[in-house]
Amino acid sequence: MISRILAVLVAIALLALPAPALSRSEQPVSGFIDAHSHLMSYEAFGGKLLCGKPFDPGGIARALVDCLDHFPNGEAAWFENFTRTGQPTGTHDPVGWPTFRSWPAHDSLTHQQAYYTWIERAWRGGLRIMVNDLVANRQLCEIYPLKTNPCDEMGSIRLEARRTFEMQDYIDQQSGGPGQGWFRVVRSPAEARSVIAAGKLAVVLGIETSEPFGCRQTLGIPHCTKAQIDRGLDEMYQLGVRSMFVCHKYDNALCGVRFDSGTQGAIVNLGNFLSSGRFWQTEACTGPQRDNTISPAVLPPELARWLPPGVSLPVYPPGPHCNRRGLTSLGEHMVKGMMSRGMLIEVDHMSVKAADRTLTLLEQAGYDGVISSHSWTDALNYQRIYRLGGMVTSYGHGAEGFADAWRETKPLRDAAGRPGFGYGLDANGLGKLPAPRAGSAVAYPFHSHDGSASFDRQSTGQRTWDYNVDGVANYGLVPDWIEDIRSLAGDAFVQDMAQGAEAYLRTWEAAETVVR
């Protein structure tokens, strides 16, 4: 009893002591997070699929130009036309700088969406962390007829990492010299806190690729080994990568994927066949979770010719559909290897089976470092992610859809004591940016969430964009989009978003603590 009383007295005495002051780098940060975008994807897929660059040493006139095959009027740009309208035919004005008559636009997927001055406008509007996912897809590279870069996925990843550091140097040059720019690649949460405390944008390198470290599989036979995975993780970590997907779009030697639907699903399923020798294989879902339903669709003629004679897309039974493939033994080795390095593990794009096994491994290890960055996992996984100490950010839906995603996930964050939401815009990721909302009335000028900046309509060259008409035509219109969502969801939404960067850093810090 005496010892218990003494313990209580000691505790009271300690509570009476003033709390130690946090250093500047340890203070909670305030600002938004984009947990999923692709700044350098113009170098992916052979280097000729996406037009324009986020920067060029020769300036904007050299950076924001269309692909040569889009001239003179866009008729030959079948991939742009198909992804924009669902038809391989169409036209657009190929001139970018300085007129920008046709692009960038929220629904134009092959034109540059994230020029550095557009990102700068978003940073001034409160963006404090951006995950730049280095991206590649060997099959898309091989299918698209024009290319200047090899199709090796890891070669593309290395090139995109180099371009990211080159852009950092370029912005430094515009800002007074080395280290002076607002765009800083970071390798640790402590470095990110320091960068944000200095009023700059912390950029985290991630990887989203279908065959990491060459880990494809053919008819179930893997093309990589555990030693190959270890060497690859070591190399990428040394390069600065701190976040990574285990699989993406195609079943690989590590895990099965969450399906795509509609015409996009048909195209990706063709890629799965060309990559692995098999179309997606489904089974009856045994629980409430499911992978996306594979709906009947027809391949565009430009892609249908890649099917061998006599082979056609399979006809699946009615949904719901679940992928037969889960996390393989090699996939478990990679997940454990990422944990041992304190890396953030992306569960998006994993099949229901693969995500369930991955989350079980993390739960067994008490590992917080898990992310769902762009709405590509079953929503029933969110509770497990939050309980682990991980983070969920939503794909960049239109304002109403994004507000709904925030409302639906907020009770889970509240229950887990994990405030902080964010977006995964997927800029330059072959996905449409938020469209203009019918009835939106963003009033210009408006102020950023913290009142530090004022925004009128965005202008570049001879073009001025109005969010109410154009939606998020490029990354610079993200502050306008957030203002529109605020008008729907209120100040509580903005407050939760402003805690997004801090939530991400806490997840990252907790992952590093487990490793130590």
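**Entry 1. Helix 17.** I began with helix 17 (residues 491–498) and listed its buried residues: Phe493, Val494, Asp496, Met497 and Ala498. I note here that the model is a predicted one. I then asked which elements the buried residues of helix 17 pack against.

**Entry 2. Ala498.** Is Ala498 buried or exposed? Its relative accessibility is 10%, and the cut-off for buried is under 20%, so Ala498 counts as buried. Next I looked up what Ala498 touches, leaving aside its neighbours within four places in sequence. The contacts are Val29, Ser30, Gly31, Phe32 and His449. For His449 I also looked up the separation: Ala498 and His449 are 49 residues apart in sequence, and their C-alpha atoms are 8.1 Å apart in space.

**Entry 3. Helix 16 against helix 17.** The axes of helix 16 and helix 17 come within 6 Å and cross at roughly 130°. That angle makes helix 16 oblique to helix 17. On the helix 16 side the contact is made by Ile482, Ile485, Arg486 and Ala489, and on the helix 17 side by Asp491, Phe493 and Val494. Sorted by class, this contact of helix 16 with helix 17 has 5 nonpolar and 2 charged residues, and no polar ones. Phe493 and Val494 are also on the list of buried residues of helix 17.

**Entry 4. Helix 8 against helix 11.** I moved to another helix pair. At what angle do helix 8 (residues 226–239) and helix 11 (residues 329–340) pack? The angle is about 30°, and the axes are 10 Å apart. Angles under 35 degrees count as roughly parallel, and helix 8 and helix 11 are therefore roughly parallel to each other. Helix 8 passes helix 11 in a right-handed crossing. Helix 8 brings Lys226, Ile229, Asp230 and Leu233 to the contact, and helix 11 brings Leu330, His333, Met334, Gly337 and Met338. By class I noted 5 nonpolar, 2 polar and 2 charged residues in the contact of helix 8 with helix 11. As a reminder to myself, an α-helix has 3.6 residues a turn, so residues three or four places apart point the same way.

**Entry 5. Helix 11 against helix 12.** Helix 11 also packs with helix 12 (residues 352–365), at an angle of about 40° and with the axes 11 Å apart. Helix 11 and helix 12 are therefore oblique to each other. Helix 11 passes helix 12 in a right-handed crossing. Glu332, Val335, Lys336 and Met339 make the contact from helix 11, while Arg357, Thr358, Leu361, Leu362 and Ala365 make it from helix 12. The class count for the contact of helix 11 with helix 12 is 5 nonpolar, 1 polar and 3 charged residues.

**Entry 6. The nonpolar cores.** Which members of the largest nonpolar core touch the most other members? Of its 123 residues, they are Tyr423, Tyr475 and Trp481. Helix 6 (residues 153–174) gives the largest share of this core, 6 residues. Another core lies apart from it and has 19 residues, including Ala202, Val204, Leu344 and Tyr504.

Entry 7. Most residues other than glycine have a negative phi, and most peptide bonds are trans. I looked up exceptions.

- Phe45 is not a glycine, yet has a positive phi of about 55°. Phe45 sits in the loop between strand 1 and helix 2 (60–63) and, at 7% relative accessibility, counts as buried.
- Asp426 is not a glycine either, and has a positive phi of about 60°. Asp426 sits in the loop between strand 14 and strand 15 (446–447) and, at 9% relative accessibility, counts as buried.
- Trp97 and Pro98 are joined by a cis peptide bond, with omega about 0°. Pro98 is in the loop between helix 3 (78–85) and helix 4 (116–124).
- Trp103 and Pro104 are joined by a cis peptide bond, with omega about 0°. Pro104 is found in the loop between helix 3 and helix 4.

How values were computed:
Residues numbered from 1 in each chain as written. Predicted model: local features only at pLDDT ≥ 70, side-chain atom pairs only at ≥ 80, totals over all residues. Heavy atoms only, no water. Core = buried A, V, L, I, M, F, W, Y, C linked by side-chain atoms within 4.5 Å. Buried < 20%, exposed > 50% of the residue type's maximum accessible area, 1.4 Å probe, protein only. Helix = DSSP H or I, 4+ residues; strand = E, 2+ residues; numbered from the N terminus. Axes fitted to C-alpha atoms, helices over the stretch in contact; angles between N-to-C directions. Parallel < 35°, antiparallel > 145°, perpendicular 65-115°, else oblique. Left-handed = near helix turned anticlockwise from the far one by under 90°. Contact = heavy atoms within 4.5 Å. Nonpolar A, V, L, I, M, F, W, Y, C, P; charged D, E, K, R; others polar.
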